[in-house]
Amino acid sequence: MSVASPAARHDAIVIGAGIVGAACAHALAREGMRVLVLDARYPAGGSTAAGMGHLVVMDDSPGQLALTSLSTTLWRELAAELPANVEYEACGTIWVATDDEQLDAVQAKHRLYAGRGIASDVLDARALARLEPNLRSRLAGGLLVPGDGVLYQPRMTLWLLERARDAGAEVRSGCRVDRIAAHAVHCGDEILHADVIVNAAGADAPSLTPELPIVPRKGHLAITDRYPGFVRHQLVELGYLASAHTMTTESVAFNVQPRATQQVLVGSSRELVGWDASTNRRVLARMLARAAEFMPALASLAVIRTWTGFRPATPDKLPLIGAWPATPGLWIAAGHEGLGITTSLGTAQLLADLVVGRTPPLNTRAFDPTRVLAATEAH
Ligand SMILES: Cc1cc2nc3c(=O)[nH]c(=O)nc-3n(C[C@H](O)[C@H](O)[C@H](O)COP(=O)(O)OP(=O)(O)OC[C@H]3O[C@@H](n4cnc5c(N)ncnc54)[C@H](O)[C@@H]3O)c2cc1C
């Protein structure tokens, strides 16, 4: 028998203490709401622990461009407040072009970004080599996006939760939500009530809201020993977006990050293999070989750790942010695929605006979770 606890009334319950749930809890607490965060395990232990920490503008769709642009602006505004252990670095991204066709794509990206007020600089081959001497020769050039950055997202998540606590929020680890009901959640024998329930359970969100078409998309990362100055910007091959966009069973792309620790973080791979977290040595080898194609000296660096994680992927590569009317009081903030660290702050702002009835800074229709119902019916 479940027991409703009269002392357990909150304004909002956020399910999931990954970076998305933490950012939402922080934003709702700052609205003056009494917030309770519940996590089945512990904060930043899910996809958030496994990510790369790249804060990046991406333009796979107008919605993605709008949300990543808003979010990177919010990150830059927050940067001055962040403690050193969050390891925020305003290193920028360089999108690397291998040939003239890709240089045309660089020019198109530059024009698109300029039209949205996003700063970027087109680099010719010489400028690229000067900025990143460890890239291989005979590359065509690239696009530098100086407003992008990197950080250490587990520490960032804890910082958001600490700020939420400062604003009165409570965070409970080891508390698995079994079921969401109208304005309530069931955790074992306990029923907790709130006006607002936020499903921010990442790739696990469908276990609580089964209609959500979120699937785990596995990725590998590798980190090297310390090599000061080896890489200075986040470097991404121009083909990365195609690798992220197409839901093939397996893909790899060159994606390398300088860490504040002087280590080099190497990505990235994508696989659809359910929840199999084991290291796929063949995919890992393909990923490292791809990186060494762009940075030959990488092959001689010592990799000291590799790991896998799961991106919460949706069919249209956009997150689900907004109300879920079928369950009174339920809101969704999940399905951020490979951009959940970047878009956590934008997601939290949109969610808080919608919850309190304020007009969000961008049109949220593309993120409306109920679009998945229309897609299912059409199918
Ligand atoms: C290899 C890799 C590289 C990546 N690189 C980047 C990058 O460079 N930049 C970027 O922006 N993004 C990146 N991402 C994506 C990013 O990590 C995710 O989008 C983001 O972490 C999702 O956060 P989340 O809070 O939604 O989910 P999670 O971090 O998974 O958090 C969900 C939480 O919900 C809890 N939970 C689940 N079910 C329940 C339940 N029933 N009851 C209570 N709690 C529950 C879990 O324990 C977990 O703590 C990467 C991801 C991977 C795998």
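The model discussed here is predicted.

Q: How are helix H1 and helix H6 oriented to each other?
A: The axes of H1 (residues 19-30) and H6 (residues 153-166) come within 8 Å and cross at roughly 25°. Angles under 35 degrees count as roughly parallel. H1 and H6 are therefore roughly parallel to each other.

Q: Which hand does the crossing of H1 and H9 have?
A: Helix H9 spans residues 340-356, and its axis comes within 8 Å of that of H1, at a crossing angle of roughly 35°. The crossing of H1 and H9 is right-handed.

Q: How many charged residues are in the contact of H1 with H9?
A: H1 contributes Ile19, Val20, Ala23, Cys24, Ala27 and Leu28, while the residues from H9 include Gly340, Ser344 and Thr347. By class, this contact has 12 nonpolar and three polar residues, and the number of charged residues is none.

Q: How many residues apart in sequence are the parts tied together by Glu31 and Arg358?
A: Glu31 and Arg358 form a salt bridge, with their closest N and O atoms 2.6 Å apart. Glu31 lies in the loop between H1 and strand E3, and Arg358 in the loop between H9 and helix H10, so the parts tied together are separated in sequence by 327 residues.

Q: Is Glu237 buried or exposed?
A: Arg290 forms a salt bridge with Glu237. Arg290 in helix H8 is 53 residues from Glu237 in strand E14. Buried means under 20% relative accessible area. Glu237 has a relative accessible area of 7%, so Glu237 is buried.

Definitions and conventions
Residues numbered from 1 in each chain as written. Predicted model: local features only at pLDDT ≥ 70, side-chain atom pairs only at ≥ 80, totals over all residues. Heavy atoms only, no water. Axes fitted to C-alpha atoms, helices over the stretch in contact; angles between N-to-C directions. Helix = DSSP H or I, 4+ residues; strand = E, 2+ residues; numbered from the N terminus. Parallel < 35°, antiparallel > 145°, perpendicular 65-115°, else oblique. Left-handed = near helix turned anticlockwise from the far one by under 90°. Contact = heavy atoms within 4.5 Å. Nonpolar A, V, L, I, M, F, W, Y, C, P; charged D, E, K, R; others polar. Salt bridge = Lys/Arg side-chain N within 4 Å of Asp/Glu carboxyl O. Buried < 20%, exposed > 50% of the residue type's maximum accessible area, 1.4 Å probe, protein only.
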